[in-house]
Every structure is written in structure tokens, then in C-alpha cells.
Amino acid sequence: MPGPVAVSVVVASHARPLRLRWLLNALEEQTLPRESWNVVVVHDYDPATAKRVLERHGLWDAGILRHVGIAPGTGSPARQRNLGWRSAEAELVAFTDDDCRPEPDWLERLLAAARRAPGDVLQGATRPDPLEAGVLAAPHVRTMLIEPVGPFAQTCNILYPRGLLERLGGFDERAVTGEDVDLSLRARAVGTRISPAPQAIVNHAVESHTLPGILRQNLKWHHLAYLVKRHPELRQELPLRVFWDRDHLWTTVALAGILGGRRYRPLLALAVPYAVRSSRRRGPARRERAVALVETPGQAIRQLAEVAGLAYGSARYRTLVL
Amino acid sequence: MTEGHDRPLRVALVHHAFGSGAEPDRLVRDLAGALRAAGHHPTVVTKHRVGSSGVTEGRVPVVRCRGLPEAPLLRRGFAVPLTHLPTTVAALVKGGYDLAQAFSPTDAAAAIAWREIVGRPVIFAPAEPPRRDRVADRRLRLRLLERAVGDSDAAIAPTEECRAGLLRWLAVEAPLLEPADADAHERLYRELLRPAAARGQS
């Protein structure tokens with residue numbers, strides 16, 4: 001008689017049925033014996049898509065895939081992940097995203113790390129998918145590079161003990177974004193360690209966007225101000241305790257220089273650090289610098305929009321994050 | 001135009017790399033030969049530069065569509081070729097075909113654009129099986145693939161490998177229609193043309 005399932009994989013999926021299918025294909029290739037794990041997908045797809053993508057898959061036929069459908073437009077990553085882990089049966093819950101492709105030994109490595117550090121939260125490594133590296137040539141890409149343990153404990157590759165999730169009450173469903181960071185900060189606050197599992201590797205999709213597309217996609221980041229308000233300790237990770245990242249810092253400094261330079265020209269020098277960083281974005285070679293130069297206006301617009309979005313979020317949540 | 005069952009069909013076989021000597025060539029040649037033997041009028045529409053337009057290969061006319069150099073797009077990570085799409089759409093419009101069968105997502109993009117102009121059906125029949133390392137490796141690749149599968153009037157698999165790849169990577173259950181089987185293709189063509197003809201007569 002098979003033993004209890006050791007780990008449940010929980011995936012929240014929205015608007016990416018094909019990528020979800022590819023994730024299931026990657027899970028199908030896991031080296032961990034199938035009796036030791038299962039998958040719960042929480043999605044908002046119509047029944048026909050769910051049947052086509054999920055119920056006509058090898059993992060469904062093998063009886064180790066379950067899916068929970070919710071009404072379209074009613075989901076959020078936090079709500080879907082909560083539904084997922086609450087309906088999972090294993091004592092360990094591994095989260096990944098529907099735009100990820102775990103390596104075949106991902107679950108085996110995570111489980112081995114969990115046995116070495118019982119009770120810990122385990123963060124694996126995430127990298128841009130090498131199979132999609134060609135897309136990195138695009139000016140506006142969305143992907144993920146995480147060397148564990150990082151400060152944000154993203155759900156694209158992390159394992160929580162189920163008992164800890166119950167104790168913490170799961171993800172904060174009021175958080176529009178950053179719900180994974182919030183959960184990890186609450187876990188740390190109750191004394192749980194977040195340990196690295198660098199051998200447990202997940203490949204993250206590399207998606208190219210147009211400038212308007214990436215601006216639309218990044219609109220949600222203004223809700224990060226809510227996260228910082230809720231967890232002031234997060235400021236220790238932020239440049240000058242205010243800026244979300246270094247790009248935002250130098251973009252803001254450059255903007256101040258350009259605006260101030262209209263009255264006092266030497267202030268234009270404040271834009272130099274931004275220009276230098278921007279020109280090195282693609283690498284040191286002449287061709288890379290030329291490409292970076294061509295891309296600078298688009299990058300500047302994107303970063304200014306992100307800073308403006310965070311300024312709006314700062315006003316909304318009454319805490320300063322740029 | 002009437003859609004009598006005996007009327008020979010003018011079929012555009014759109015494959016940008018036709019003539020490059022690669023394996024997909026064989027599928028296109030086999031289908032063209034089988035359709036021709038069954039009394040239809042297939043034409044290969046390609047981008048490949050070898051030869052000139054109008055030259056026949058195995059008594060099948062070939063229309064070659066020009067494009068611009070692709071190197072700049074390649075450097076920027078795009079799934080090339082793309083620059084021949086306008087001339088391919090123009091060639092399809094000019095050819096007065098009853099339907100177009102596209103053999104790659106790029107070819108399907110041209111054929112779908114042609115359908116939006118003339119209202120004739122498009123079949124997507126990938127000559128190479130979809131694989132994980134080829135479904136999203138370049139810019140626009142995934143979008144073209146999703147469009148080819150979702151917006152074509154029918155998706156078919158010319159080989160068992162393609163059928164399995166379509167199911168595994170695109171969750172599409174496509175019927176297997178071997179290129180040499182002209183009868184099966186003709187049945188599908190006429191079935192797809194029926195609603196188009198009904199639209200034309202109304």
C-alpha cells in the first residue's frame with residue numbers, strides 16, 4: 001500500500017492555459033516517484049479549456065492532478081493559492097507559477113532539502129528559462145532570476161510546511177501583489193527560517209512585451225506600497241530605504257537633475273549615473289552599448305512610469321516608496 | 001462561384017522554407033503531388049530564394065515571395081522569417097485560391113491575413129512537430145503559434161509526431177492526415193469550403 005503523499009504542488013493559473021500545460025508537462029517528468037506527490041491547480045478557465053488543458057493530460061490520467069475552477073475574474077494569486085494549499089493533502093506544499101518549468105529533479109531536491117531542514121521554509125533557485133534565452137534580446141522582457149535565499153521569497157519556487165501555512169492563515173488576500181513576500185515576512189516574524197535549496201531549480205518564462213504592454217503589466221506594482229506599510233522592516237532591503245530598486249533610485253535622481261537643470265545647469269550632472277548605468281545594461285561591448293543606447297528612451301519611460309505608479313501607491317497607502 | 005464536388009480546387013500550399021531541402025519539403029511535395037494526381041491545382045507559395053517564381057517543381061507551380069534581410073530582426077530575438085509576410089499575403093490574394101494550407105506558424109500568419117481579406121479557409125498543418133525548445137524560444141513565436149492554432153479553420157497533423165506534439169504542447173487534438181492521402185484532404189477542403197460558399201451566395 002503506498003505511503004502518504006509527501007508534497008503537494010500548488011499552482012495558481014490565470015490567462016496562461018498553454019504555459020500551464022507546459023508546466024504540467026515538466027511536472028510529468030519529475031524524478032520523484034509519483035506516489036510521493038500530487039498537483040493542485042486553481043484556475044479561472046472556462047470548462048472547455050480546463051478539460052482540454054488539464055483533464056486531457058497524463059497527470060490527470062495518473063490520478064495525481066486535481067483542479068479547482070473559480071469564476072472568471074474572481075481570482076487573485078493569494079486567493080487561488082489559499083484555495084490550493086487548503087485542498088492539498090500533503091504535509092509539505094511546494095508553490096510554483098504557471099509560467100515556470102521546473103527541472104526534472106526539482107521536487108526530489110526540494111524534498112531532500114526539507115528532510116535536512118525540517119520545519120523550515122525552503123526557497124529554490126529560479127532562472128530565466130534557457131530554452132527562451134533568445135527572447136532576452138527584446139527591450140522589455142519579464143522573467144525572474146532568484147538566487148536563494150532572496151529577500152522576497154517569491155512563490156515561483158518555494159516550499160512551506162502545511163502546518164506553518166495554517167498557523168499564519170495563508171496568504172493575505174487583501175494584497176493585490178507581493179502576497180508571497182508578505183507571507184515570508186510573517187513566517188520570519190514567528191521565528192521560521194527560510195533556507196536555501198539552490199539545487200531545486202525552476203526555469204521562468206521569458207516574455208517580451210511592447211512598451212505599452214509592459215507599462216500596463218507593471219501598473220499593479222503600485223500596491224507594493226501596501227506591503228511596505230504592512231512590513232516596515234522591508235525597508236532594510238530597499239536602496240536608501242525608499243526606492244524599490246537601484247533603477248528607480250537613479251531614475252528619480254536623473255529626473256530631478258533634468259528638471260533642476262532648467263534653472264541651474266550643473267544639476268544636469270545628476271543624470272550622468274543613470275546614463276552610465278543605462279549604457280551598460282546590455283554589456284560592455286560596443287554593439288551592446290549601441291543597443292542599450294537605442295533602448296534608453298523606452299527604458300526611461302518604463303522606469304519613470306514605475307516610479308510614478310509607486311508615488312501614487314505611496315499616496316494611496318500613506319507611506320513613501322518609489 | 002459554385003462549389004460543385006467535381007470542381008478541381010485551387011490550393012495554396014504556404015511554406016516559407018520550401019526548396020531548402022529540409023524534411024518538411026517532402027511533406028509539401030507529397031501533398032502537392034497527391035493533390036495534382038487527384039486533379040486539383042496546388043501551388044506552392046514560399047519565401048525560399050532558390051529558383052524563380054513560376055518555376056514548377058514536379059509539375060507544381062511555385063510562387064516565390066521576396067522579403068527584406070532578416071538579420072536585424074534575428075539579432076533582436078524575433079522568430080524569423082517575418083519580412084516576407086506582406087508579399088506572401090499579396091501573392092495569395094493575387095492567386096485566387098480556394099483555400100490555403102500553411103505549414104508553419106509564420107505561414108499561418110500570412111494565410112490568416114489573406115483569409116481576412118478574401119474570406120477563404122485556412123488549414124494549419126505544422127510540417128515540424130511542436131517541441132518545448134521551439135515553442136517560445138524567440139519573440140513572437142508563441143503568439144504566432146497560438147494564432148495559427150486558434151484562428152485557423154482547422155488544424156491537422158501531417159505526421160504522427162506532429163499529432164503527438166500538437167496534443168502535448170498545444171493541447172490540440174488534431175486529426176492525422178498523411179500528405180499522400182489526397183482523398184482525406186479533399187474531404188476536409190470541401191467541408192471547410194461549404195460554409196464559405198454559403199456566405200458567398202447569401
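Buried area is the accessible area (1.4 Å probe) that two parts lose on being put together, summed over both. I began with that quantity for the pair of chains: chain A and chain B bury about 1900 Å² between them, 50% of it on carbon and sulfur atoms.

**Basis of the entries**

I note that this is a predicted model, in which local features need pLDDT of at least 70 and side-chain atom pairs count only at pLDDT 80 or more, while totals for chains, interfaces and linings use all residues. Residues are numbered from 1 along each chain as its sequence is written, chains are lettered from A and ligands numbered from 1 in the order in which they are written, and side-chain values use heavy atoms, with hydrogens and water left out.

I recorded an ipTM of 0.86 and a pTM of 0.90 for the model.

**Interface**

I looked up contacts (heavy atoms within 4.5 Å) and found 23 residues of chain A touching 20 residues of chain B. I then looked up salt bridges (a side-chain nitrogen of Lys or Arg within 4 Å of a carboxyl oxygen of Asp or Glu) and noted 6 between chain A and chain B. Arg56(A) and Glu173(B) meet through their side chains in a salt bridge at 2.9 Å, N to O.

Polar contacts were next (a pair of N or O atoms within 3.5 Å; within protein, one must be able to donate a hydrogen and the other to accept it, and residues adjacent in sequence count only if both atoms are side-chain atoms). I noted 13 residue pairs in polar contact between chain A and chain B, both residues at pLDDT 80 or more. Helices H1 (17–28), H2 (47–55) and H12 (286–317) of chain A each supply at least two residues of the side that touches chain B; helices (H or I, at least four residues) and strands (E, at least two) are DSSP runs, numbered from the N terminus. H1(A) gives the largest share of that side, 6 residues.

**Glu132(A)**

I located Glu132(A) in the loop between strand E6 (121–128) and strand E7 (141–142) of chain A. Glu132(A) is buried, with a relative accessible area of 0%; buried means under 20%, exposed over 50%, partly exposed in between (1.4 Å probe, protein chains only). Beyond its neighbours within four places in sequence, I found Glu132(A) in contact with Arg19(A), Ala205(A), Val206(A), Arg132(B), Ala136(B) and Asp137(B). Its side chain reaches the backbone nitrogen of Val206(A) at 2.9 Å. The C-alpha atoms of Glu132(A) and Val206(A) are separated by 5.9 Å, although the residues are 74 apart along the chain.

**Asp98(B)**

I turned to chain B, where I counted 8 helices and 7 strands. Buried residues make up 52% of its 202 residues. Asp98(B) sits in the loop between helix H3 (85–95) and strand E5 (99–102) of chain B, and counts as buried because its relative accessibility is 2%. Its side chain makes a polar contact with the side chain of Arg7(B) at 3.0 Å. A polar atom of the Asp98(B) side chain also lies 2.7 Å from the backbone nitrogen of Arg10(B).
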